[in-house]
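Please look over the chain shown here. The report below takes up a few local features in turn.

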Amino acid sequence: MTDLPGIRRIEFIMGMPIILDVRHDGADDAVEAAYDWFRHVDAVFSTYKEDSEISRLNRGELHRRECTPDMKFILDRCEELTEITDGYFDMRATADRSLDPSGLVKGWSVDRAAELLLEAGLTNFAVSAGGDMRLAGCADPEPEWRVGIQHPTERDQIAAVVAGNDLAVATSGAYIRGDHVVDPHTGEAPRQVLSVTITGPVLADADAFATAAFAMDGRGPEWTARLVGYEAMTIMADGRVLSTAGFPVAPPD
């Protein structure tokens, strides 16, 4: 097997595995800077750390106007996405209605890590956080990246393979963390849908759209068909696979 160029590394941060696959030699400093960024995000946004900014905000020790620019941006964007998704993406959909912007923070932090790698002059890489990915360039020596989407009921099976060069891929479903996504309007977990995968240019938005579409249950495929610049694949509980016309499924080998 031909040795791959670059570096492949995994660290457990923000409660999930974060994987960097960089197809450039001499990328160690840039990779380390990316992981430093993820550690910073965890320190600021973790709802499990008592001294994080989000925890202090939820306890009333900080006022929103006193928050850092990153926190203000995330909270503002979460509210915009709540409006865009008819309330199905809701950072207050928690047991005690406290703020939990984690559904946006993960994708946003990966997008920013990708920007750091690009600024360091790297063009061929993949960044994955908990399975959601941001792809850039190619998987040298291959001409494009290929990402397997895990089947929601057959743990050892791939439901589809997405192919692309500069692309974000986000999947929401109940098969990894159980019923962690619910309809914010009813509190009920989806029953007609097993998973939703969204592809597009920005992982933060793709992740939020996947979460919202999954929470919509049977209404999700119709809603994703109206998204501009993003494509979707929805696996229904009855076995149907519903995809938008431009969903980038790789052709069979």
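The model is predicted. Arg97 sits in the loop between H3 and helix H4 (102–119). Its phi is positive, about 65°, although Arg97 is not a glycine.

Most residues other than glycine have a negative phi, and most peptide bonds are trans. Met14 also goes against the phi rule: its phi is positive, near 60°, and Met14 is not glycine. Met14 lies in the loop between strand S1 (7–13) and strand S2 (16–22). Its relative accessible area is 17%, so Met14 is buried.

The peptide bond from Asp140 to Pro141 is cis. Omega there is near 15°. Pro141 belongs to the loop between strand S4 (132–136) and S5.

| Site | Angle | Value |
|---|---|---|
| Met14 | phi | near 60° |
| Arg97 | phi | about 65° |
| Asp140 to Pro141 | omega | near 15° |

Next comes strand S5, residues 145–150. In a regular strand the side chains alternate between the two faces of the sheet. In S5, Trp145, Val147 and Ile149 point to one face and are buried. S5 pairs with strand S6 (residues 158–164) in the antiparallel sense, over 6 bridges. Ile149 has Ala160 of S6 as its bridge partner.

Now the helices. Two packed helices are described by the angle between their axes and the distance between the axes. Helix H1 (residues 28–45) packs with helix H3 (residues 69–84) at an angle of about 70°. Their axes are 11 Å apart. H1 and H3 are therefore roughly perpendicular to each other. Which residues of H1 and H3 meet? Trp37, Val44 and Phe45 in H1 meet Asp70, Met71 and Ile74 in H3. The residues of this contact comprise 5 nonpolar, no polar and 1 charged.

Last, Thr224. This residue is in helix H6 (residues 220–224). Is Thr224 buried or exposed? Its relative accessibility is 2%, so Thr224 counts as buried. The side chain of Thr224 reaches the backbone oxygen of Pro221 at 3.0 Å. Beyond neighbours within four places in sequence, Thr224 is in contact with Ile198, Ala213, Ala232 and Thr244.

Key
Residues numbered from 1 in each chain as written. Predicted model: local features only at pLDDT ≥ 70, side-chain atom pairs only at ≥ 80, totals over all residues. Heavy atoms only, no water. Helix = DSSP H or I, 4+ residues; strand = E, 2+ residues; numbered from the N terminus. Buried < 20%, exposed > 50% of the residue type's maximum accessible area, 1.4 Å probe, protein only. Polar contact = N/O pair within 3.5 Å; in protein donor to acceptor, adjacent residues only side chain to side chain. Contact = heavy atoms within 4.5 Å. Axes fitted to C-alpha atoms, helices over the stretch in contact; angles between N-to-C directions. Parallel < 35°, antiparallel > 145°, perpendicular 65-115°, else oblique. Nonpolar A, V, L, I, M, F, W, Y, C, P; charged D, E, K, R; others polar. Pairing = 2+ DSSP bridges.
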